[in-house]
Amino acid sequence: MRLLVLCTHNSARSQMAEGWLRHWAKEMGVDLEVHSAGTEKTFVKEEARQVMAEVGIDLTGHFSKTLFELPDPWNFHLVLTVCDAAKEACPAYPAKTAKRHVSFPDPSGKPLEEWRRVRDALGHMARYLVANLKVGRIPTDEELEEAAR
């Protein structure tokens with residue numbers, strides 16, 4: 001299964017989600033190819049790298065990229081958007097596929113404690129999603145949002 005995490009800058013939330021999803025897929029033995037991308041290419045924020053390293057997930061090889069830099073960008077089984085729709089425009093993914101959206105606040109410019117809070121929420125959501133994918137089920141937006149709490 002191929003999964004895409006989509007956000008605006010691919011610099012924080014989508015990078016952390018990608019790291020978590022890969023981690024949980026490996027832990028649970030789920031064959032899951034995970035990518036992340038944004039509508040704008042920037043850089044992976046140092047705070048994202050730091051807080052993920054605190055939980056043993058290394059984002060060293062991660063880099064910010066757009067959808068068009070991904071292999072076979074229009075062939076994903078699931079596209080998950082993680083940006084806060086109330087504060088920024090989440091990118092649209094026009095290809096026909098399963099789409100899910102869970103809003104996570106942007107921790108940029110905030111203390112590390114907020115980065116950790118977002119990291120942990122993304123981790124809970126990712127664990128729930130991978131556990132469901134393992135049994136062939138894609139949870140609803142509401143279920144994913146609940147799991148993130």
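Modeller: A nonpolar core here is a set of buried Ala, Val, Leu, Ile, Met, Phe, Trp, Tyr and Cys residues joined through side-chain atoms within 4.5 Å. Please note that this is a predicted model.

Colleague: Which residues touch the most other members of the largest nonpolar core?

Modeller: They are Leu3, Phe104 and Leu122, in a core of 36 residues. At least two residues each come from strand S1, helix H1, helix H2, strand S3 and helix H3. The greatest contribution is that of H3, with 9 residues. Apart from this core lies another, of 9 residues, including Leu67, Leu70, Val79 and Ala95.

Colleague: What is Leu3 in contact with, leaving aside its neighbours within four places in sequence?

Modeller: Leu3 contacts Leu21, Leu32, Glu33, Val34, His35, Phe76, Leu78, Leu129 and Leu133.

Colleague: Turning to H1, how many of its residues are buried?

Modeller: The count is 12 of 16, so H1 is mostly covered. Among the buried ones are Arg13, Gln15, Glu18, Trp20 and Trp24.

Colleague: Why does the distance between the end C-alpha atoms of H1 agree with its number of residues?

Modeller: Helix H1 covers residues 13-28, and at 1.5 Å a residue its 16 residues should span 22 Å. Its end C-alpha atoms are 22 Å apart, and therefore the two values agree.

Colleague: What comes just after H1?

Modeller: Gly29 follows, with a positive phi of about 70°.

How values were computed:
Residues are numbered from 1 along each chain as its sequence is written. This is a predicted model: local features need pLDDT of at least 70, side-chain atom pairs count only at pLDDT 80 or more; totals for chains, interfaces and linings use all residues. Side-chain values use heavy atoms; hydrogens and water are left out. Helices (H or I, at least four residues) and strands (E, at least two) are DSSP runs, numbered from the N terminus. The expected span of a helix is 1.5 Å times one less than its number of residues. Buried means under 20% relative accessible area, exposed over 50%, partly exposed in between (1.4 Å probe, protein chains only). Contact means heavy atoms within 4.5 Å.
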